Amino acid sequence: MSEKKYLKWYNKVGYGTGDIAGNVAYAFVTFFVMIYLTDVQGMNAGIVGTLMMVSKLFDGVSDVIFGVLMDKTHSKMGKARPWMFWAFFGCAAMIIALFAIPTSLGDTAKYAWFFIAYTLLNAVFFTPNNIAYGALTALITKNANERVQMGSIRFIFAFGTNLVIQAATVGAVDALGGGAEGWRALAIIYALVGIVSNSLAVFSVRELSPAELADEGAGTGDSQIPLKESLQLLLANRYYVLLVVVFIIMQLFGALNGMGIYFMTYVLHDANLLGAFAWASNIPQMIALIALPFVVAKVGNMQHVDLWGYVIAITARIGIIIGGYMTNVPLMLSFTAIAMLGASALQGTLTALIAEASEYTYLRSGKRLDGLMFSCTSLGTKIGGGLGTALSGWLLSAAGYISTTAGQTVTQPHSVITMLQISYLWLPTIAFVIIVVIVYFLDVEKVNQRLRDQACSPRGAVSISGRGIH
């Protein structure tokens with residue numbers, strides 16, 4: 001018997017446009033805020049990195065707070081959509097603020113401006129927007145294949161946006177006047193694009209009613225679960241913990257890729273190569289994501305597809321390392337395409353895996369924590385992205401990177417070149433190895449099926465209610 005379908009094609013595509021907004025907020029900042037601060041504002045990379053990590057102390061608990069608030073929200077728009085819609089206006093304002101630091105300010109004022117804007121972007125606005133966007137996967141459909149399709153479509157938009165931002169930003173800044181003015185103008189454009197795409201995503205779908213979610217064993221979504229019990233249920237879900245770590249490592253990899261602009265400039269001696277590598281990274285992923293729902297349906301298990309994908313990706317990363325030391329750009333581009341083709345499987349199935357993790361909590365406890373469960377997306381993104389960007393700043397500073405102001409050119413010391421090779425070639429490869437180990441233990445689909453089968457039997461019902469299944 002086939003699963004009930006809840007979504008039309010335009011619902012899935014509309015939902016996917018939300019990742020245009022998400023990557024305007026994430027990719028633009030991850031890939032370019034550091035070089036903007038060091039090479040336009042003349043700020044010290046080590047101090048910036050430290051401020052980023054201190055900022056994480058402020059937003060470390062916001063994921064849980066907004067997840068709980070979302071689970072308790074009741075409105076005509078539903079639980080998640082109001083948070084997703086309104087929070088992005090704050091994201092847009094902070095994106096502009098980050099790239100609009102007045103050059104006339106003193107050093108202390110510049111660092112303070114950056115710290116406040118960066119903290120507000122991550123802790124106050126991006127958190128509820130990102131949690132809500134992920135939670136919609138579980139709130140607008142109960143069809144597992146539709147969830148995989150939604151994950152694939154959203155990441156096609158994500159990679160497409162990523163491609164445009166990486167390939168077009170440097171040239172667009174120059175076209176808009178260069179220097180601080182060019183960066184500020186482009187930030188305004190990106191922020192407006194984000195507002196439009198985020199709004200489109202919000203109003204392209206509707207959330208299922210509590211009665212619809214309760215049907216067929218999907219749970220009641222009880223909003224009266226005490227905070228302490230919610231946290232206990234969350235932390236008792238080992239798949240939530242694994243998914244948080246996956247997001248941290250993946251976003252750490254993405255942030256380290258932000259060193260690409262430095263690698264292209266000082267190792268390959270052509271900053272415009274960033275666009276070529278963006279094409280090599282994102283186009284294969286977009287193509288793979290189109291085929292992913294069919295592959296998963298054929299294999300019947302997301303974990304197996306993800307594992308084989310990362311085995312391919314790790315093998316290709318070795319080729320990237322060899323090409324990097326040879327400064328052989330065609331070789332690096334070829335292996336980059338293969339590596340990202342393999343890594344795309346996990347990207348496309350992540351939201352569906354989180355929905356499965358949420359279902360795991362329900363099957364064991366009879367209670368739903370969709371908003372809180374999807375906090376792993378924001379928590380992992382912020383920790384991984386923040387740590388990666390901060391690490392980039394610390395590595396640059398420790399290696400003796402020479403900061404500049406707009407228009408200046410310098411020759412970096414050999415220690416900086418060595419550091420760039422380690423951070424751009426080796427560290428992402430290590431991240432891939434860690435991810436494949438985690439995915440090996442991410443067997444939530446198999447465990448959920450066993451729980452469902454046992455729930456259908458008289459003896460199984462007692463076992464699950466008594467939490468005999470772990």
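Glutamate 229 has a relative accessibility of 21% and therefore counts as partly exposed, since burial requires a value under 20%. In this predicted model, glutamate 229 forms a salt bridge with lysine 367, with 2.3 Å between the closest N and O atoms. The pair links distant parts of the chain: glutamate 229 belongs to helix α10 (residues 227–236), whereas lysine 367 sits in the loop between α15 and α16, 138 residues apart. Lysine 367 is itself partly exposed, at a relative accessible area of 25%.

In total, the structure holds 3 salt bridges. Another joins the side chains of arginine 154 and aspartate 19, at 2.7 Å from N to O. Arginine 154 lies in helix α7 (residues 144–175) and aspartate 19 in helix α2 (residues 18–39), so this contact ties together parts that are 135 residues apart in sequence. Both arginine 154 and aspartate 19 are buried.

Glutamate 356 and arginine 452 also meet through their side chains in a salt bridge, at 3.8 Å from N to O. This pair connects helix α15 with helix α19 (residues 444–455), across 96 residues. Glutamate 356 counts as buried at 11% relative accessibility, while arginine 452 is partly exposed at 28%.

Helix α11 (residues 238–257) is mostly covered, with 16 of its 20 residues buried. Its end C-alpha atoms are 29 Å apart, which agrees with the 28 Å that its 20 residues should span at 1.5 Å a residue. At the start of α11, a side-chain oxygen of asparagine 237 comes to within 2.9 Å of the backbone nitrogen of tyrosine 239.

Valine 433 is located in helix α18 (residues 414–440) and is partly exposed, at 39% relative accessible area.

Notes
Residues are numbered from 1 along each chain as its sequence is written. This is a predicted model: local features need pLDDT of at least 70, side-chain atom pairs count only at pLDDT 80 or more; totals for chains, interfaces and linings use all residues. Side-chain values use heavy atoms; hydrogens and water are left out. Helices (H or I, at least four residues) and strands (E, at least two) are DSSP runs, numbered from the N terminus. Buried means under 20% relative accessible area, exposed over 50%, partly exposed in between (1.4 Å probe, protein chains only). The expected span of a helix is 1.5 Å times one less than its number of residues. A polar contact is a pair of N or O atoms within 3.5 Å; within protein, one must be able to donate a hydrogen and the other to accept it, and residues adjacent in sequence count only if both atoms are side-chain atoms. A salt bridge is a side-chain nitrogen of Lys or Arg within 4 Å of a carboxyl oxygen of Asp or Glu.
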